[in-house]
Structure formats: structure tokens, C-alpha cells
Amino acid sequence: MAAVVDHLAVANWMFATVNRDEDTEPADYPEPVPRPGEGEGAVETAGSPEPRGATLAEVVAFLNAPA
């Protein structure tokens, strides 16, 4: 779902960029939506170079986060 939101945000950004008035400042590129298991609060696996999957608790917290 986060990838869908990211692609939609980029598509909206491209549309707004192409259709903006020449005198207006360009819009900032959209920030990607955080994924469960990434960023702040993510548990790092010590010594493992491969990413791990999100735990059930992380997925639930991500889906229940306020928009």
C-alpha cells in the first residue's frame, strides 16, 4: 500500500510541476511513506546485513498510526 501511495504522490507532483505557472515556485518532491520495519523504532538485527521483515506488532502499529 505504501508503494501505491508513493507512486500516486509522485504522479500528482509531476502533474503539478508540468502544469504550474512559470512564475510560481516548484513544489517539493514528495517524501515516501514510512514502511513497517524501517526508520525510527525499527529493531536492527545485530550483525546481519540483510533486512528483516516487520513483526506483527510493527504492522499493526503502522496500520493504526494516525494519518
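How many helices and how many strands does the secondary structure of the protein come to? I looked and got two helices and zero strands. Helices here are DSSP runs of H or I with at least four residues, strands are runs of E with at least two, and numbering starts at the N terminus.

Ground rules next. I am working on a predicted model, where local features need pLDDT of at least 70, side-chain atom pairs count only at pLDDT 80 or more, and totals for chains, interfaces and linings use all residues. Residues are numbered from 1 along each chain as its sequence is written, and side-chain values use heavy atoms, with hydrogens and water left out.

**Whole chain**

I checked burial over the 67 residues of the protein, and 7% count as buried. Buried means under 20% relative accessible area, exposed means over 50%, and partly exposed lies in between (1.4 Å probe, protein chains only). I then looked up the accessible surface, which comes to about 5900 Å². Carbon and sulfur atoms hold 61% of that surface. The areas come from the Shrake-Rupley method with a 1.4 Å probe; for residues, only the protein chains shown count as cover.

I also went through the contacts (heavy atoms within 4.5 Å). Among those between residues at least 6 apart in sequence, 38% join residues at least 24 apart.

**Asp 6**

I found Asp 6 in helix 1. Is Asp 6 buried or exposed? Asp 6 counts as buried because its relative accessibility is 14%. Setting aside residues up to four places away in sequence, I see Asp 6 touching Glu 31, Pro 32, Val 33 and Arg 35.

Which residue meets Asp 6 in a salt bridge? It is Arg 35, at 2.5 Å from N to O between the side chains. The pair links distant parts of the chain, with Arg 35 in the loop between helix 1 and helix 2 and Asp 6 in helix 1, 29 residues apart. I count one salt bridge in the structure. The rule asks for a side-chain nitrogen of Lys or Arg within 4 Å of a carboxyl oxygen of Asp or Glu. Arg 35 is partly exposed, because its relative accessible area is 25%.

**Trp 13 and Tyr 29**

I searched for aromatic pairs. Rings of Phe, Tyr and Trp (its six-membered ring) pair if their centres lie within 6.5 Å; planes under 30 degrees apart count as stacked, over 60 as edge-to-face and the rest as tilted. The count comes to one pair. Trp 13 and Tyr 29 form it edge-to-face, 4.9 Å centre to centre, with 75° between the planes. Trp 13 sits in helix 1 (residues 2–18) and Tyr 29 in the loop between helix 1 and helix 2 (56–64), 16 residues apart. Trp 13 counts as partly exposed, at 25% relative accessibility.

Beyond four places in sequence, Tyr 29 is in contact with Val 10 and Trp 13. I note 7.4 Å between the C-alpha atoms of Tyr 29 and Val 10.

**Glu 58**

Last, I looked at Glu 58, which lies in helix 2. Glu 58 is buried, with a relative accessible area of 17%. Its side chain reaches the backbone nitrogen of Thr 55 at 3.0 Å.

Technical notes:
Polar contact = N/O pair within 3.5 Å; in protein donor to acceptor, adjacent residues only side chain to side chain.
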